[in-house]
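Please keep the sequence and the 3D view at hand while reading.

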Amino acid sequence: MSTIYIDNKQYEVKAGKNLLEACLGLGIDLPYFCWHPALGSVGACRQCAVKVFKDENDTHGRLVMSCMESIRDGLHLSVSDKTAKAFRSQVIEWLMTNHPHDCPVCDEGGSCHLQDMTVMTGHDYRRYHYKKRTYTNQYLGPFIHHEMNRCIQCYRCVRYYHEYAGGKDLNVFAAHNHVYFGRERDGILESPFSGNLVEVCPTGVFTDKTLREHYTRKWDLTTAPSVCNHCSVGCNTIAGERYGQLRCITNRYNSQVNGYFLCDRGRFGYEFVNSANRITQPLIRNRTVEAVDEAVLMDHLRALLTNHTLIGIGSPRASMESNIALMQLVGKENFYQGISDNAVFVEKRIVEVMQSGVIKTASLHDIQQSDAIVILGEDLWNTAPVMALAVRQGVMKTAAHQALQNRAIAEWHDAAVKELVQQEKGFLANCTVSSSPLDEISSSVMHKAPEDLARLGFAIAQRLNMVLPVVQLNDDMSTPAAVIAAALQKAKRPVIISGAGYYNEALIRAAFDIAAACKATAEEVHLAYVMPECNSMGLAMMQASGFENAVLRTSRVNNVTAIVLENDLYRNVPAQIADVFFNNCQHCIVLDSLHNATTQHADVLIPAASFAEADGTLVNYEGRAQRFYQVFVPANKNMQESWKWLMKMQPVQTGSAVERSYHPEEVLAMGEQLLPRLSGITAVAPPRNFRVNGQPLPRAPHRYSGRTAMLSNLTVSEPKPKQDYDSPFTFTMEGYSGMPPSPLIPFFWSPGWNSNQAVNKYQEEPGGSLKNEHAGKLLFEYKQDATPVYFKDIPEAFMVRHEKWLLLPQYEVFGSEELSAYSKGISELSPSPYAALSQLDADPLSLVNGSLITVKIFEQVYELPVRINAAIPKGVMLMPAGLAGMPVMAWNSWVQIISIRL
Amino acid sequence: MAQFSAEKLNKVNEIIARYPAGKQKSALIPVLHLAQEEFGGWLSAETMDYVASLLKIEPIEVYEVATFYSMYNLKPVGKYVFEVCQTGPCMLNGSDDIIEYIKDKLGIKVGETTADGLFTLKTVECLGACGYAPMMQLGKHYREHLTKEKIDAIIEECERNAVTNN
Ligand code: SF4
Ligand code: SF4
Ligand code: FES
Ligand code: FES
């Protein structure tokens, strides 16, 4: 700690930071543009000037940029100094000379850092009366709207896009008063992290194009803390609604998970909530739509739920509450995971490894702090995008640490650090089946079939711990194995990452063995397994058997009523298997939010609330349980949380009359009873009756407008606000107006800080954890003294087969995930089906890019265009997984090419 | 598309060899100068893409640099480019009048080229010759202490040279 004096008041601040960070951390308002806690300082905008004095007797002082000046013990500075203030107001006046002053028609208005800073500095009168320079804007794709005239040249966008996220197609052109930030020509931004530009840019240059289609100012949104539904990372989000429509997703800072950034699938995938494909009405087969309401439905269900064997099919994308309610309803022994046995097998192993507590799970924060990362057989970029972004930061930060050793340069001094680092990188080994944008920052890149990757993993472990069995590798693998092992041996905080993506259990074991072997030399070892969906880990922890077992059960019992929870089985198992299941079941009740192939088979179809209309809990890849809150009550009262519907079915089934409503925490408590493994999950968030000073928390900010008029076309009197009995929130602006505890932050706002940069006020220090951060509840416990039990059975090496290919999934950020694919922009960017092959396999068949091949998978025949990728190992064929209109493939089976059209 | 001659390619490789292996992007500025000289005094998108391919970098990386420096012309220019300094010291010494005078005399605006393709007028920022203000750069030379008379003389000189050189 250092002592500094700000305007003659004494403060204790953390050494090593800069003055801007110190001031903001102390809650002192100081304007800035080019500095960003995740990007560091470059001193470009000159907005953050303060005066620094030699000592307490110095009355003259000198102007410095606070973001470029280190804290020194005993330092005197002034924020309120007259010259410093005048300087700051002049800077903003210059920056504003070319600004169009078009706030009323600007999407940033009301949540704009430039507006906030202009007000903060007191610049209120425009003296510059010359012509403003103007630009032509660009088309940047379905997500981002471009309006260059609003630019104030802070350079944050390129620093973020280029340096932080590794994007190549956004840059800065020209100089002086006509710099231009954009692409070389119109076109879709290539990076799947482009959406963060919306939050990084302090002005309205880059704005959310999807929000623009149903625009609402920040102050008019009803928002709630939510958790992204679109992969197993579980990024924290803020979801906003008006007029019963979900309007946007923004980032919700969580120092352990997503920090400041989301991926575009997570930010723009929300529109499925507003999709025309939503199920809005309970439907009973052979009855007219109008004839069914809740009472009729429940009455009808009585016959199906009693005197039948109930089989429950759980879901990796439904909340814990819904899965638990289903298990409670059908009984533990009748509950199955709605995923294939192969997936269950792999995920079970993951749970077992995590449960053993030998290795700590890696949060994204841990990954960013890591000094050596090994990815073994998971295509992170496409299956867990923000984790890939964290890996990139780990690599960059390690290089920075190395470069800064024995140098008196602060870590936040971004330009100096970049200058020192040049092209150096921290250690990353990316060992996957095919190429990835992570390859170019990897020290070691390997593209092999999953079995070979697992062997590589075991070989690395063996080199770290000689007691383990030796793996015979060819030269092309044994050298990298030695390089990777050597890097791990030197590492203090290695992270090993694998996942369920290729349905290969040996990879899971190999990754564990490497991590366990690292324990001997490292200070801290972390391990992460990417899971397929947002609640795959939660479902896997319920340890039920897979879908094929359910099919077997139904073939033995003939009075089955199946209850399928939010799960399109046709995406998880081959169609023939799902068909058998539906044939075997006497009745089938399906709960879901969107129509799909499975809902077609329902005898009773029940509309489920989407994440935006629901409260629930998701367990991310780390076993971190996180609560998401209902954003709004849909006008259609049939859309209810699946767990609510399922809890209502209980008395119907048991014949008991008492019907009462349940709350999420009660359902979770039931889960703890059913499955001791889930113990602790009720601590995921504050209880529903949590209050601050006796007050609930408002979902709407105090400036929310139009409340009395919004529905005046329907009724003149303002309707009674909707009540929320399940959470500490109100649906209005009434309630405690101060800062809520961290899992209950519905929006970031502070007086004078209307933009998302208000997050500074919620943090312990800029870029640090939130005040009293409760970053979810980790369900796996690290056991200090647990001794590792190594896995020793090493798979056989991959053998290429004659004229046959091992079929593996290729995941796509846009297209592979089910729900987001219903959003317009995401589906626009989703590729069309293809079959990807190695150059080595394409050449003998004279295949070129675009040649059509016909492949036979089981009894089905598919004709697909070829994509040739030199990185793919010989004997492997990749097909995109989960694309709309593409059936489930028999992954890991051998396929034949039966005909070719060149 | 225009390409460097074998001799110029050697020159390019020489420039690249000045920098450590893998940092061939450092050669960008001198190679762009060479390209501008070779391909008609300006850099077309095609020329820039060609330079990108020689240095094995993305075209956007070339555009970024080429658009930054006023020494690179991104549109065709006349045979003689008047780059008049308009920064403070030159301005205080009358660069505004000089610019106006050239505009009138040649009948073009800043950034334009005369119909005969002889003259282009550009304004630039400080060229580090403030002691000789107002000044401009013409080709590889500075023309200093500019007056209307000097401008007349320079224009005449250029016209003469254009004739003799043809
Ligand atoms: S576009 Fe936005 S982020 Fe980029 S320089 Fe301009 S104001 Fe800054
Ligand atoms: S990484 Fe996953 S959880 Fe995070 S925003 Fe993207 S899809 Fe959502
Ligand atoms: S924030 Fe300090 S100079 Fe821009
Ligand atoms: S101001 Fe013209 S040369 Fe410096």
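## Terms and conventions

Two strands are said to pair if DSSP finds at least two bridges between them. Helices (H or I, at least four residues) and strands (E, at least two) are DSSP runs, numbered from the N terminus.

Residues are numbered from 1 along each chain as its sequence is written, while chains are lettered from A and ligands numbered from 1 in the order in which they are written. The model is predicted: local features need pLDDT of at least 70, side-chain atom pairs count only at pLDDT 80 or more, and totals for chains, interfaces and linings use all residues.

## Confidence

The model scores ipTM 0.85 and pTM 0.95. A further score is pLDDT, the predictor's confidence in each residue, from 0 to 100. Chain B has a mean pLDDT of 94, and 99% of its residues reach 70 or more.

## Chain B: domains and strands

Domain bounds come from an automatic or database domain assignment. Chain B is divided into domain 1 (6-68) and domain 2 (80-165), and the C-alpha centres of these two domains of chain B lie 28 Å apart.

Strand β1 (residues 80-85) of chain B is mostly covered, with 5 of its 6 residues buried. A residue counts as buried if 20 or more other C-beta atoms lie within 10 Å of its own, as exposed if 12 or fewer do, and as partly exposed in between; the C-beta atoms are placed from the backbone. β1(B) pairs in the parallel sense with strand β2 (residues 119-124) of chain B over 6 bridges, and B:Tyr80 has B:Phe119 as its bridge partner in β2(B). β1(B) is also joined by 3 bridges to strand β3 (residues 136-138) of chain B, and these two strands run antiparallel. Here B:Val84 has B:Met136 in β3(B) as its bridge partner.

Helix α6 of chain B contains B:Lys103. Is B:Lys103 buried or partly exposed? B:Lys103 is partly exposed, because 14 other C-beta atoms lie within 10 Å. The C-alpha atoms of B:Lys103 and B:Ile16, which are 87 residues apart along the chain, are separated by 41 Å.

The domain assignment of chain A gives domain 1 (2-95), domain 2 (283-339 + 539-685), domain 3 (358-531) and domain 4 (805-901). Taken over C-alpha atoms, the centres of domain 1 of chain A and domain 4 of chain A are separated by 56 Å.

Strand β11 (residues 236-242) of chain A is joined to β12(A) by 6 bridges, and the two run antiparallel. A:Thr237 has A:Asn251 in β12(A) as its bridge partner. The two strands form a hairpin with 2 residues between them, and A:Tyr243 in the turn has a positive phi of about 50°. In β12(A) (residues 245-251), 6 of the 7 residues are buried. A second hairpin is formed by β25(A) and β26(A), with 4 residues between them; A:Gly623 in the turn has a positive phi of about 85°. In β26(A) (residues 624-628), 5 of the 5 residues are buried. Both faces of β26(A) are covered, with A:Arg624, A:Gln626 and A:Phe628 on one side and A:Ala625 and A:Arg627 on the other. β26(A) also pairs in the antiparallel sense with strand β29 (residues 777-778) of chain A over 2 bridges, where A:Arg624 has A:Leu778 as its bridge partner.

## Helix α13 of chain A

How far apart are the end C-alpha atoms of helix α13 (residues 385-404) of chain A? The expected span of a helix is 1.5 Å times one less than its number of residues. The 20 residues of α13(A) should therefore span 28 Å, and the end C-alpha atoms are 29 Å apart, which agrees. Of the 20 residues in α13(A), 15 are buried. A:Asn406, which follows α13(A), has a positive phi, near 60°.

## Ligand surroundings

A residue is near a molecule if its C-beta atom, placed from the backbone, lies within 6 Å of it. The residues that surround ligand 1 include A:Cys151, A:Cys154, A:Cys157 and A:Cys201. Of the 14 residues around ligand 2, A:Cys228, A:Cys231, A:Cys235, A:Cys263 and A:Gly266 come nearest. The elements that give two or more residues to the shell around ligand 2 are α7 (264-268) and α13 of chain A.
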